[in-house]
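Subject: Structure handover and findings

Hello,

Here is the structure for your work. My notes follow below it.

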Amino acid sequence: MRAYIAAVREGIDRGIELTSQLLAFAKHQELDAHAGNLNDFLRSFEPFLRYGAGPNVRVKLELGSGVPDCLIDPALFDSAVLNLVMNARDAMPSGGEIHVITERYVQTTATPDPPGPGTYVCVRVKDHGCGMAPEVLRRVFDPFFTTKGEKGTGIGMSQVQALAQMVDGRIRIRSEQGIGTTVDLLFPSIQTGS
């Protein structure tokens, strides 16, 4: 009987967590964007990233110089990066290192794939975890698709993609099984002459 009660409680807790995430996602559809420097946001949010990564994973910030300002919703940005760090952590069950890198990125020519020409801030989250098979990678942004079984909700990557799109940014992801995953978030610079 106790095992059944524990399973029911666990199911209720998961339902509450999923509902909370869905409500937060719906609530944040209205953007509260501010001009800011993503290096500053990451520096102030670093303790939360380290906590989210857990005790066996090291988060290493590599903040580039000359990173231009961009328009961003700080709360959504923090949530997106934390989500990526936690995904990276889950891909390294034996521990490891997650690199969070920022750099100025300039696209000079038009390509079939976004982003278009311009100056961007690139925030890269890179791990050396288990990586994803091509068929999994193709579905990673599908709502409610998860690779985490019962532990996942399948809305995290959709949220990250939605944030990028709300500020005219882009998300790119590369992954290889046994090598790891790299996610790039590209946010347009708002600085003139950049």
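Where is the place of Asp 127? Asp 127 sits in the loop between strand S5 (118-126) and helix H4 (134-137). Helices here are DSSP runs of H or I with at least four residues, strands are runs of E with at least two, and both are numbered from the N terminus.

First, the ground rules. This is a predicted model, where local features need pLDDT of at least 70, side-chain atom pairs count only at pLDDT 80 or more, and totals for chains, interfaces and linings use all residues. Residues are numbered from 1 along each chain as its sequence is written, and side-chain values use heavy atoms, with hydrogens and water left out.

**Confidence and layout**

pLDDT is the predictor's confidence in each residue, from 0 to 100. The protein chain has a mean of 83, and 81% of its residues reach 70 or more. Confidence is lowest in helix H1 (residues 2-27), with a mean of 64. Strand S2 (residues 57-63) has the highest, at 96.

The protein chain has five helices and seven strands. Along the sequence, the pattern reads α-β-α-β-β-α-β-β-α-α-β-β. The chain has 194 residues, and 40% of them count as buried. Buried means under 20% relative accessible area, exposed means over 50%, and partly exposed is in between (1.4 Å probe, protein chains only). Contact means heavy atoms within 4.5 Å. Among contacts between residues at least 6 apart in sequence, 71% join residues at least 24 apart.

**Back to Asp 127**

Asp 127 is buried yet has no salt bridge. A salt bridge is a side-chain nitrogen of Lys or Arg within 4 Å of a carboxyl oxygen of Asp or Glu. For charge, Lys and Arg count as positive and Asp and Glu as negative, while His and the chain ends are not counted. The nearest side chain of opposite charge is Lys 126, 9.6 Å away. A polar atom of the Asp 127 side chain lies 2.7 Å from the backbone nitrogen of Gly 129. Leaving aside neighbours within four places in sequence, Asp 127 is in contact with Ala 88, Ala 91, Met 92, Glu 97, Ile 179, Gly 180 and Thr 181.

**Salt bridges**

The count comes to nine salt bridges. Side chains of opposite charge can pair when their charged atoms come close. Some of the pairs:

- Arg 50 pairs with Glu 46, with the closest N and O atoms 2.2 Å apart. Both lie in helix H2, four residues apart, about one turn of the helix. Arg 50 is partly exposed, at 37% relative accessible area.
- Glu 97 pairs with Arg 58, with the closest N and O atoms 2.6 Å apart. Glu 97 is in strand S4 (residues 96-107) and Arg 58 in strand S2, so the pair ties together parts 39 residues apart in sequence. Glu 97 is partly exposed, at 23%.
- Arg 124 and Asp 184 meet at 2.7 Å, N to O. Arg 124 lies in strand S5 and Asp 184 in strand S7 (residues 180-188), so this pair ties together parts 60 residues apart in sequence. Arg 124 is buried, at 18%. Asp 184 is buried too, at 0%.

Which residues are linked in a network of salt bridges? They are Glu 103, Arg 124, Arg 172, Arg 174 and Asp 184.

Arg 172 lies in strand S6 (residues 170-176). Arg 172 is partly exposed, with a relative accessible area of 25%. Not counting residues up to four places away in sequence, Arg 172 touches Tyr 105, Pro 115, Thr 182, Val 183, Asp 184 and Leu 186.

**Core and helices**

A nonpolar core is a set of buried Ala, Val, Leu, Ile, Met, Phe, Trp, Tyr and Cys residues joined through side-chain atoms within 4.5 Å. The largest one has 36 residues. Those with the most contacts inside it are Leu 38, Phe 77, Val 85, Val 100, Val 123 and Phe 187. Helix H3 (residues 74-90) gives the most to this core, with seven residues.

Asn 39 is found in helix H2 (residues 38-53). Asn 39 is buried, at 6% relative accessible area.

Helix H5 (residues 156-166) is followed by Asp 168, whose phi is positive, near 60°.

Best regards

Definitions and conventions
Polar contact = N/O pair within 3.5 Å; in protein donor to acceptor, adjacent residues only side chain to side chain.
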